[in-house]
Amino acid sequence: QVQLVESGGGLVQPGGSLRLSCAASGNIFSINDMGWYRQAPGKQRELTASITRGGVTNYTDSIKGRFTISRDNAKNTVYLQMNSLTPEDTAVYYCNADVVRRGTIFAERYWGQGTQVTVSS
């Protein structure tokens, strides 16, 4: 089994910053793409940022220039540095990882439990 554990969410004022972390553990042979999705009230879950195993990144337009995704392959961990936060960034943030388990030759999508980010005065 594989688990992804998220941390770093919380309440911040507009203009503030947060750093989210997501660590994968368990029966892991390798991890391909990793990413962060978010779901705001009344909206569908949307991709915010993704990163390949080699470090190639992709961002949605609404957060480009404010958020930075990175990963540490040795620790099986992905990060999301969030700066200049606005109330529109309020959402539950979910990390994901495409994991190849030991003994298999295919990747499976795993999800973190979600962490709440609230931007408010």
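## Disulfide and aromatic contacts in a predicted model

C22 and C95 form a disulfide in which the sulfur atoms lie 2.0 Å apart. The model is a predicted one, and the structure holds 1 disulfide. The disulfide is right-handed, because the torsion about the S-S bond of C22 and C95 is about 55 degrees.

The aromatic side chains are considered next. The count comes to 1 aromatic pair. Y37 and W111 form this pair, with an edge-to-face arrangement, a centre-to-centre distance of 5.1 Å and an angle of 65 degrees between the planes. The pair likewise joins distant parts of the chain, since Y37 lies in strand β4 (residues 30–39) and W111 in strand β10 (residues 107–111), 74 residues apart. W111 counts as partly exposed because its relative accessibility is 35%.

W111 also takes part in a contact with a charged side chain: the charged end of R45 sits over the ring of W111. The charged end of R45 sits over the ring of Y94 as well. The distances are listed below.

| Charged residue | Ring | Distance from charged end to ring centre |
|---|---|---|
| R45 | Y94 | 3.8 Å |
| R45 | W111 | 5.0 Å |

Methods. Residues numbered from 1 in each chain as written. Predicted model: local features only at pLDDT ≥ 70, side-chain atom pairs only at ≥ 80, totals over all residues. Heavy atoms only, no water. Phe/Tyr/Trp six-rings, centres within 6.5 Å; stacked < 30°, edge-to-face > 60°. Helix = DSSP H or I, 4+ residues; strand = E, 2+ residues; numbered from the N terminus. Buried < 20%, exposed > 50% of the residue type's maximum accessible area, 1.4 Å probe, protein only. Lys NZ or Arg CZ within 6 Å of the ring centre and 35° of its normal. Disulfide = S-S within 2.5 Å.
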